[in-house]
Amino acid sequence: FGGGSESSEEQTTSNNEDALFGGSDFIIDITDADEPTISVSDELLASEPIAIGGRVSSGLRLSIDPDADPDAGTDRGQEMFRAGLTNLRTRLFLDARPNTEMRGFIKGDISYSTDNGISVDLREMFIDTDINNTVFLRLGKQTVNWGVGRFFSPANLINIETLDPENPDAELAGPVSLKAQIPIGLDNLTAYAIVDDIDNGNPVALASRYEFLLGATEVTVGGVYQFNNPWSLMSTAVGNVRDINWFGEAVLQGNTNNKFIVEDSSQESGLSIRGSDDVYLSATLGGSYTFSDPSEENNYSLSLTGQYLFNGFGYSDLSVFSEKQREISALVRTDALSFGDLRNRSQHYAAANASLRLSDFDFSPSVLWLGSLGDGSGRLSTSVRYSGIDNITPSFNYSYNYGDEGSEYAPNGADQSMSLSVSLGVSF
């Protein structure tokens with residue numbers, strides 16, 4: 001159950017994964033003491049029984065590849081300049097609350113590309129209700145956010161999309177499931193029955209998570225189980241040390257269906273593919289710090305975030321990827337391996353981000369570094385966004401991939417790219 005895509009400003013829904021009924025600020029004016037007591041939640045939820053909204057977005061991009069070489073083949077790219085339309089999409093949502101005990105929510109994307117034409121992607125569709133205001137139920141396709149990591153999140157066990165470290169604010173699509181949430185004081189107990197299309201004949205997967213406070217630290221423990229399928233145990237923690245906010249995740253997984261490349265002299269290619277019955281541990285730890293102008297003007301702020309990941313599914317020795325590139329490519333072409341099996345091949349990763357906000361200027365520069373510590377490859381990305389024009393955001397991006405040939409971030413050796421983009425978006 002692992003598997004993203006919009007920035008956080010595009011998440012127009014008021015849906016909150018941990019709240020039965022999302023809400024907003026409100027004021028109730030009591031003018032007569034003899035009037036019957038009004039439930040705050042009832043007043044809020046009955047005030048707007050149906051809400052319809054969304055966002056229309058698109059953009060233009062000019063990509064520049066300084067390393068382009070028409071004689072180098074398609075792997076290196078044949079064009080130095082490429083320009084075109086990007087991300088022509090409309091996101092729509094409908095939030096229906098006919099009464100205080102029931103809510104229906106649906107959200108989807110309508111996208112267009114010259115290659116695929118029009119496509120429709122249902123992101124969420126569920127119904128909320130409760131039993132005696134004690135057990136809160138949600139049934140349908142829903143996002144299930146278990147992880148707390150910024151760039152890497154092994155505890156994201158249920159969503160069918162995986163976290164993209166280059167777009168960590170993207171909303172992830174989840175499965176069809178029944179969620180039951182029971183508040184216990186300040187704690188929460190949540191259980192899930194995760195279902196597949198009945199025609200597929202797969203059994204229901206069961207998952208549960210308990211959230212509690214340990215001093216000032218927010219802790220969760222949970223697990224996912226399905227007969228004859230991968231099982232997982234997880235724990236997350238979020239806290240702070242002075243001005244540093246820290247977060248961590250640990251996940252234990254077994255009975256996985258991962259494929260691994262092993263050297264095998266009996267094969268002509270010298271390689272074979274195997275599964276594993278081992279139990280794998282993955283863990284991550286990170287932190288963030290924000291330094292802001294202490295004056296009342298709040299002229300600037302600098303945000304720093306860093307994270308380390310130990311990937312239990314990674315290879316301790318990555319030399320096979322540089323020494324047998326051609327043989328591995330042949331395995332991919334025969335469908336013995338997929339590109340997904342070749343991602344996250346290292347056991348050790350790290351990421352860091354720095355972003356600056358200047359209130360007197362409308363420019364927002366940022367730097368992101370992603371690194372595979374196992375093979376010494378990585379990607380350094382810088383961007384500058386301008387937000388001084390309503391609904392229009394110009395930006396400049398530069399990326400440099402480094403590493404030896406066959407490495408994860410630089411399979412063809414070091415290269416660089418840059419782009420100029422203009423994004424247009426209107427929310428309604």
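Tutor: Helices (H or I, at least four residues) and strands (E, at least two) are DSSP runs, numbered from the N terminus. The model is predicted, so local features need pLDDT of at least 70 and side-chain atom pairs count only at pLDDT 80 or more, while totals for chains, interfaces and linings use all residues. Residues are numbered from 1 along each chain as its sequence is written, and side-chain values use heavy atoms, with hydrogens and water left out.

Student: What makes a group of residues a patch?

Tutor: Each member has over 30% relative accessible area and no salt bridge; like charges are joined within 9 Å and nonpolar side chains (Val, Leu, Ile, Met, Phe, Trp, Tyr) within 5 Å. A salt bridge is a side-chain nitrogen of Lys or Arg within 4 Å of a carboxyl oxygen of Asp or Glu. Here, a nonpolar surface patch includes Val-56, Leu-88, Tyr-112, Val-120 and Phe-428, and its residues together have about 1100 Å² of accessible area, computed by the Shrake-Rupley method with a 1.4 Å probe and, for residues, with only the protein chains shown as cover.

Student: Which strands each supply at least two residues of the nonpolar patch?

Tutor: They are strand 1 (50-64), strand 2 (81-99), strand 3 (102-113), strand 4 (117-131) and strand 20 (415-427). Strand 2 gives the most, with three residues.

Student: Why is Val-120 called exposed?

Tutor: Exposed means over 50% relative accessible area, buried under 20%, and partly exposed in between (1.4 Å probe, protein chains only). Val-120, which is found in strand 4, has 69% and therefore counts as exposed.

Student: How do Arg-242 and Asn-255 stand against these cut-offs?

Tutor: Arg-242, in the loop between strand 10 (231-241) and strand 11 (244-254), is exposed because its relative accessible area is 80%. Asn-255, in the loop between strand 11 and strand 12 (260-263), has 35% and is therefore partly exposed.

Student: What is the phi of Arg-242, and what is that of Asn-255?

Tutor: Phi is near 55 degrees in Arg-242 and near 55 degrees in Asn-255, a positive value in a residue other than glycine in each case. Most residues other than glycine have a negative phi.

Student: How do you know that the buried residues of helix 3 line one face?

Tutor: The buried residues of helix 3 (residues 325-333) are Ile-328, Leu-331 and Val-332. Seen down the axis of helix 3, they fall within an arc of 100 degrees, so they line one face; the arc is that of the directions from the helix axis to the C-beta atoms. On the other side of helix 3, Arg-326 and Arg-333 are exposed.
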